[in-house]
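Student: I am new to this structure. Please help me learn how to read it.

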Amino acid sequence: MRKYFQIFKISFEEEFAYRLNFILWRFRNVLQILLTYFLWSTVYANPATQAFGYDRTKILTYVFGVMIVRAIVLSARAMDVGNDVATGDLSNYLIKPINYFKYWFTRDIASKILNLSFAVFEFTLLFFILRPPFYFQTNITVFLAFLLCIILAVLLYFLILFLLSSVPFWAPELGWGSHFLVSVVIVESLSGALFPINILPRIFQSIILATPFPYLIYFPIQVYLGNVSGWALLGVILVAVSWVVVLWMVLNIVWQKGLKVYQAFGR
Amino acid sequence: MIKKFKKYIKIWWRMSVNSFSVVLSQKLALSVFLIGKIFRFIIFFLFLFFLLKGTGELAGYSVNQIIFFFLTFNLIDVITQFLFREVYSFRPMIINGDFDLVLVKPISALFRVLMGGADIIDLITIPPLIILTIIYGSSLEPTLAGILMYLLLLVNGFLIATAFQIAILAFAIVTLEVDHAVMIYRDMTALGRLPVDIYKEPLRGFLTYFIPVGIMMSLPAKAIMGLTTPFGILAAFIVGIAFMFLALKFWKYALTKYTSASS
């Protein structure tokens, strides 16, 4: 446990080593949220507007919720794993007395804590500048369910990233390409980070909800807003747990097979 | 002058063929990136379509008008990416001193680092984008003057986009930072996916005058809808020329700061 704590400490300090990079990265997050915020603010300009099952308060809470949930769920260092595989740097870790998954999960946690602290600051700043109506969840059970959904989302994203990072075992040139396709394009589009999934027609919703992506952002915020409750909430949690279990099993198989074909190119 | 222009066209063609060859040698990677770009476009397109189907309008614009704003943004963005992809490779050139090799060649260094690597993936997406823009543009029943003004303002938008790319290159020489500068520029311009009218002050003013996303992306579309004034159009061209002038000045200044480190 102590060695992982040291990894956490080093990772945390490493993030500060590239301060300008980090600050610019956070600035980009603010810019991205502005488009979404003003878009929805214009759609719901009239406080009495009710559309897609949201009112002005709930939709703007959704937008601000994305800012926080994104920082926790989508901030991750594990996307560098593919590079380790493609360049042969993975060998350095395989001979060390550490668990490679735990090593990256620890680094992810360090990144999430740092990003979350900045996101809270940005949230507060934008909140005071834009002064949106905000829905505060006061039901402690719902809030705990929201936290559980966040934990599941963190695990889910970690597994998705590791699965993507396994692609270079077989196609080293696809390291960044597969990340671009899944973590930049698909996750951004289908996780609910860009828009709530339920504004789409039923057929599109059904297709998207059959994938693990909405469990990253859309469902945690829906739970926070109280839009999913009772048996439906239990269903959401069970499906998210199932995705975690399934992806964990798939990752174990893929990773073992990958290690068998791994040739440490470039070493 | 014409001889010089022909020479640069020939060089650009050769550099682009080389760049295309590199990408085409990795067909799988090309397919993945292409699918990603098309998927992202379709998702945002569907999002706007269904959003406006539910609400009827956005900031006073109809479905077709909003989609036309989005298409115009994409047109400028994709063509800029297609022509200036090399900007993304500039940092390593500066860090390891390879920029020396560009400076000693008998062609414009700016031309080489700006246009040295056209992107075939973006090129593939341009024709369908143009077709979609024409389809949605004609649904707005524009006048001939509106179309001409749209095209002129589109060129002005490219001019401002080019000025920004030059400024990013200059910034890279001075600070050794380019990756985030490019991405911040892209995030800023992405605010032009929708008409700047949806933003509130002071952001709207910032996007109109400081980072003139409104002039680059929104104004051409407004011209085709007949929503511009002669003064607005004149101001847009002045801003375009001024931005290019300042970017070139910045580039010249940055060159004096190049230290040729590591070479």
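Tutor: Let's begin with one residue, A:Arg131, which sits in the loop between helix 6 and helix 7 of chain A. Helices here are DSSP runs of H or I with at least four residues, numbered from the N terminus. Residues are numbered from 1 along each chain as its sequence is written, and chains are lettered from A and ligands numbered from 1 in the order written. This is a predicted model, in which local features need pLDDT of at least 70, side-chain atom pairs count only at pLDDT 80 or more, and totals for chains, interfaces and linings use all residues.

Student: What is the phi of A:Arg131?

Tutor: Most residues other than glycine have a negative phi. A:Arg131 is not a glycine, yet its phi is positive, near 45°. B:Ala59, also not a glycine, has a positive phi of about 50°. The place of B:Ala59 is the loop between helix 2 and helix 3 (63–84) of chain B.

Student: Is A:Arg131 buried or exposed?

Tutor: Count the other C-beta atoms, placed from the backbone, within 10 Å of its own: 20 or more means buried, 12 or fewer exposed, and anything in between partly exposed. A:Arg131 has 8, so it is exposed. B:Ala59 has 17 such neighbours and is therefore partly exposed.

Student: Which residues of helix 2 of chain A are buried?

Tutor: They are A:Asn29, A:Ile33, A:Leu34, A:Tyr37, A:Phe38, A:Leu39, A:Trp40 and A:Val43. These residues pack against helix 3 (56–73) and helix 6 (100–130) of chain A, and also against helix 2 and helix 10 (203–210) of chain B.

Student: What span should helix 2 of chain A have?

Tutor: The expected span is 1.5 Å times one less than the number of residues. Helix 2 of chain A (residues 19–43) has 25 residues and so should span 36 Å, which agrees with the 37 Å between its end C-alpha atoms.

Student: At what angle do helix 3 and helix 11 of chain B pack?

Tutor: The angle is about 130°, with the axes 9 Å apart. Axes are lines fitted to C-alpha atoms, for helices over the stretch in contact, and angles run from 0 to 180 degrees between N-to-C directions. Under 35 degrees counts as roughly parallel, over 145 as roughly antiparallel, 65 to 115 as roughly perpendicular and the rest as oblique. Helix 3 and helix 11 of chain B are therefore oblique to each other.

Student: Where do helix 7 and helix 9 of chain A meet?

Tutor: Residues are in contact if their C-beta atoms lie within 7 Å. A:Ile160, A:Leu161 and A:Leu164 of helix 7 of chain A meet A:Ser178, A:His179, A:Val182 and A:Ser183 of helix 9 of chain A.

Student: How many residues of chain B are in contact with chain A?

Tutor: 31 residues of chain B are in contact with 30 residues of chain A. On the chain B side, helix 2 (27–55) and helix 9 (179–190) each supply at least two residues, and helix 2 of chain B gives the most, with 14.

Methods
Contact = placed C-beta atoms within 7 Å.
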